[in-house]
Amino acid sequence: MAEETNHNQAGEVTPSTVDKQAPSVAEENAPSTDSPEATSIPTANAPDPTTANPETNPNAAQAKTAPPKREKPAGKATGDGDEKPAAAAKAGSKKEKAPGVEDKPFVEFIQQDYLPALQKAIAKEGVQDLQLSFAKQKLPIVGYEKAEDCWQIAGSWQNGLRQFNLYFPEEDIQGKKAFSCNEGKKPSTLESFLIDERKITLDLLVFGIVQRLNGQKWLGRN
């Protein structure tokens, strides 16, 4: 076998090609020091069992199948007893119905609302010279001269020839009421007025007088 070591002219020994390639080959085939090696020493950086592969870590499967606990929201009302106050508060928040003109004091209602409405309604029936008055006085009826004074509305036209009176002995539109009418002389009969109505309203009081005068054939269309 031929000697692999070459001798140069100066007598120096030149390394063979095998020796030149040995370091690089060794470096390529040497194990890398960057790859982590398995160890049996416990470490704090162990993987979370819930994220590990269940095939290799049985604890992961148990962690995934365990249902999470649900906590009851704090402060949530339960039971019928807590719902009733809430419903009552909601009902109380609704706006109350505005009072009607009939809820005004008696005298104020008659003067501000009833007399103007009655005057307008009778004028529509053809009576243009109607005179209305409101006062507390004796009843102008034969046989009632000694009776107590009573609030009453007096209406007349044709120079006083035709006259009617509406009486409020209780000073309340929801209380007892009476009616009388006469033509040229004092009335002798006191009639009950709107006694079958449960609740008296402004429109009903106006309609009642117009209907009664129309039945007397005193209005323009008769």
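## Exercises on a predicted model

K136 is partly exposed, at 42% relative accessible area. Here buried means under 20%, exposed over 50% and partly exposed in between (1.4 Å probe, protein chains only). The model is predicted, so local features need pLDDT of at least 70 and side-chain atom pairs count only at pLDDT 80 or more, while totals for chains, interfaces and linings use all residues. Residues are numbered from 1 along each chain as its sequence is written, and side-chain values use heavy atoms, without hydrogens and water.

**Exercise 1. Decide whether K104 and D113 are buried or partly exposed.**

Step 1. Start with the pair: K104 and D113 form a salt bridge, with closest N and O atoms 3.0 Å apart.
Step 2. K104 has 29% relative accessibility, so K104 is partly exposed.
Step 3. D113 has 14%, so D113 is buried.
Step 4. Finish with the total: the rule gives 5 salt bridges.

**Exercise 2. Describe how helices α4 and α5 pack.**

Step 1. Two packed helices are described by the angle between their axes and the distance between the axes.
Step 2. α4 covers residues 106-124 and α5 residues 202-215; the angle is about 40° and the axes are 10 Å apart. Axes are lines fitted to C-alpha atoms over the stretch in contact, and angles run from 0 to 180 degrees between N-to-C directions.
Step 3. The two helices are therefore oblique to each other. Under 35 degrees would count as roughly parallel, over 145 as roughly antiparallel, 65 to 115 as roughly perpendicular; the rest is oblique.
Step 4. List the contacts (heavy atoms within 4.5 Å). F109, D113, Y114, A117, L118, A121 and I122 in α4 meet L202, L205, V206, I209, V210 and L213 in α5.
Step 5. Sort the residues of this contact: 12 are nonpolar, none polar and 1 charged.

**Exercise 3. Name the strand that holds S156, and list what S156 touches.**

Step 1. S156 is in strand β4 (residues 150-157).
Step 2. S156 is buried, with 18% relative accessible area.
Step 3. Leaving out residues up to four places away in sequence, S156 touches D129, L130, Q131, R162 and Q163.

**Exercise 4. Summarise the whole protein by its helices and strands.**

Step 1. The protein has 5 helices and 7 strands. These are DSSP runs numbered from the N terminus: helices H or I, at least four residues; strands E, at least two.
Step 2. Their order along the sequence is β-β-α-α-α-α-β-β-β-β-β-α.
Step 3. Of the 222 residues, 24% are buried.
Step 4. Take the contacts between residues at least 6 apart in sequence: 42% join residues at least 24 apart.

Note on methods
Ala, Val, Leu, Ile, Met, Phe, Trp, Tyr, Cys and Pro count as nonpolar, Asp, Glu, Lys and Arg as charged, and the others, Gly among them, as polar. A salt bridge is a side-chain nitrogen of Lys or Arg within 4 Å of a carboxyl oxygen of Asp or Glu.
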